[in-house]
Amino acid sequence: MTEYKSDLLRLLSERGHIHQLTDAQGLDALAAKEIVVAYNGYDATAPSLHVGNLASVMLLRRLQQAGHKPIALMGGGTTKIGDPSGKDTSRQMLTEEIIAANIAGIRKVFDRLLTFDDSATGAIMVNNDDWLSKLGYIELLRDVGPHFTVNRMLTFDSVKLRLDREQPLTFLEFNYMILQAYDFRELALRHGCRLQFGGSDQWGNIVNGIELTRRMNGIEVYGATTPLLTTADGAKMGKSVNGAVWLNEEMLPNYDFWQFWRNTDDRDVGRFLRIFTDVPLDEIARLEALQGSEINAAKAVLANEVTALIRGREAAEAAQATAQATFAGGGLGQDLPTLEVGDGSIGVIEALIGLGFAASRGEAKRLIAGGGARLDGEPVRDDTAVIEVLAERRLSSGKKKHGIIKPA
RNA sequence: GGACAGGUGGCCGAGUGGUUAAAGGCAGCAGACUGUAAAUCUGCCCGCGCAAGCGUACGCUAGUUCGAAUCUAGCCCUGUCCA
């Protein structure tokens, strides 16, 4: 079953990108004989993608590496509605200006991971607002409406989940799946797109798109879903201290991004190396076989390679140097959060807040009371303590979060 | 439009007049153990304050009461069923 003829499916399956395929043989045959145009859709709800989206971007990267053409579809139009899939509450609707700004932010990561040009395999980015916002209601009902039955729509997990949980599902959101199916057909017509990727929660939407395209235009298209990425301890991938692990540097510093990967669960290292890096498979096999504390070396490779891909080699090296100095040397690295003090001294509480280690004075006090605050490695027990800042000093929250306090 | 059920802290979910800043769980933070891992155990977990305490908080508004998340009225929102 893993014996694919096409380089594409072989590559994707050995890297762990595939969960389900609508027609494995048909797609395999297609990919073996011609350039396949494939897309993945992205919401424009935030100014950056996050780690939860990264697997799909890597997937498009591999597609291009295998000699095919990726389309990054920006959901500028559908973002105006809100996807009910897997969510239990409606999403806030955004204005056109915000959506446009978000798309510009999201574009950055694609520029790093895909090659955009006019060649046959050059990546392109399109916005479904281009066609969705021009759509007339009557026209849509007439052309698309007959191909969907409500009976069927009600059986999709995305809808059932909301209904079962007794959470509201508005008609607006209910229509999301129709628009998404329409996207696939539109891309098939405009760009010869034959394949849609999506998370496993998008299966229903993808299938709808395939059927709609076939019924309206007689074109056979395919779908593939990616596994839902969870960490080994069962949590959704991509959450961190302050929420999402953003891909854009403005949203999350390089060092924190690097640290996120460095702290990967042992059991996830091999899987993540395959999905999120271009490290050769035999090298990954070697790395994930490391036992005990040696696997930390594999985590460093993971952190370096992902950071290099998303933030640039230089950023990865700087982050690693900082981590090296901070953890192995017990010293300071320049990528650590830094607080400049003008008066030569500062209260511990203010310092903890200033470095972002505590959100409020109360939180800072609790940290100190719990023995989690350390100045140059020594626990600070007194929350009224004043730190003399004549040279660089190291203030830590717990064992992993370190910061620099230095004279201005 | 009608009947019934419901709206509690980031989430889930107890609580039906004071002892409730609100049980419990999850998530989060910290400590121990370690390998910057996991699991486990322990502490913390609205804000301000050294503290006593103060301020906010149980859909919204107005009431009853010495005292309300808990009672009353109106409103808003959601679900289920009926029209």
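Let me begin with an annotation: UniProt, in an unreviewed entry, places the short sequence motif "'HIGH' region" at residues 44-53. UniProt positions follow the numbering used here, with feature names shortened, and such annotations may be inferred rather than shown by experiment. In the structure, the end C-alpha atoms of residues 44-53 lie 12 Å apart, and the span is 30% helix and 0% strand. Helices (H or I, at least four residues) and strands (E, at least two) are DSSP runs, numbered from the N terminus.

A word on conventions. This is a predicted model, in which local features need pLDDT of at least 70 and side-chain atom pairs count only at pLDDT 80 or more, while totals for chains, interfaces and linings use all residues. Residues are numbered from 1 along each chain as its sequence is written, chains are lettered from A and ligands numbered from 1 in the order in which they are written, and side-chain values use heavy atoms, leaving out hydrogens and water.

Chain A is assigned domain 1 (7-226), domain 2 (253-329) and domain 3 (331-408); the bounds come from an automatic or database domain assignment. The C-alpha centres of domain 1 and domain 3 lie 46 Å apart.

I turn to the interior. A nonpolar core is a set of buried Ala, Val, Leu, Ile, Met, Phe, Trp, Tyr and Cys residues joined through side-chain atoms within 4.5 Å. Buried means under 20% relative accessible area, exposed over 50%, and partly exposed in between, with a 1.4 Å probe and protein chains only. The largest core has 69 residues, and those touching the most other members are Leu54, Phe110, Phe197, Phe257, Trp261, Phe276 and Ile310. Helix 3 (residues 51-65) supplies the largest share, eight residues. Because domain 1 and domain 2 both contribute residues, this core lies between them. Apart from it lies another core of 28 residues, including Trp131 and Leu187.

Is Gln180, in turn, buried or exposed? At 9% relative accessibility, Gln180 counts as buried. Gln180 belongs to helix 10 (residues 176-191) and, leaving aside neighbours within four places in sequence, contacts Tyr39, Gln196, Gln202 and Asn205. Contact here means heavy atoms within 4.5 Å.

Finally, an open sheet of five strands runs in the order 9-15-14-11-12 with mixed pairing. Two strands pair if DSSP finds at least two bridges between them. Strand 9 (338-341) and strand 12 (378-379) are the edges, each pairing on one side only. Strand 9 pairs with strand 15 (residues 401-407) in the parallel sense over four bridges, and Leu339 stands opposite Ile405 in strand 15.
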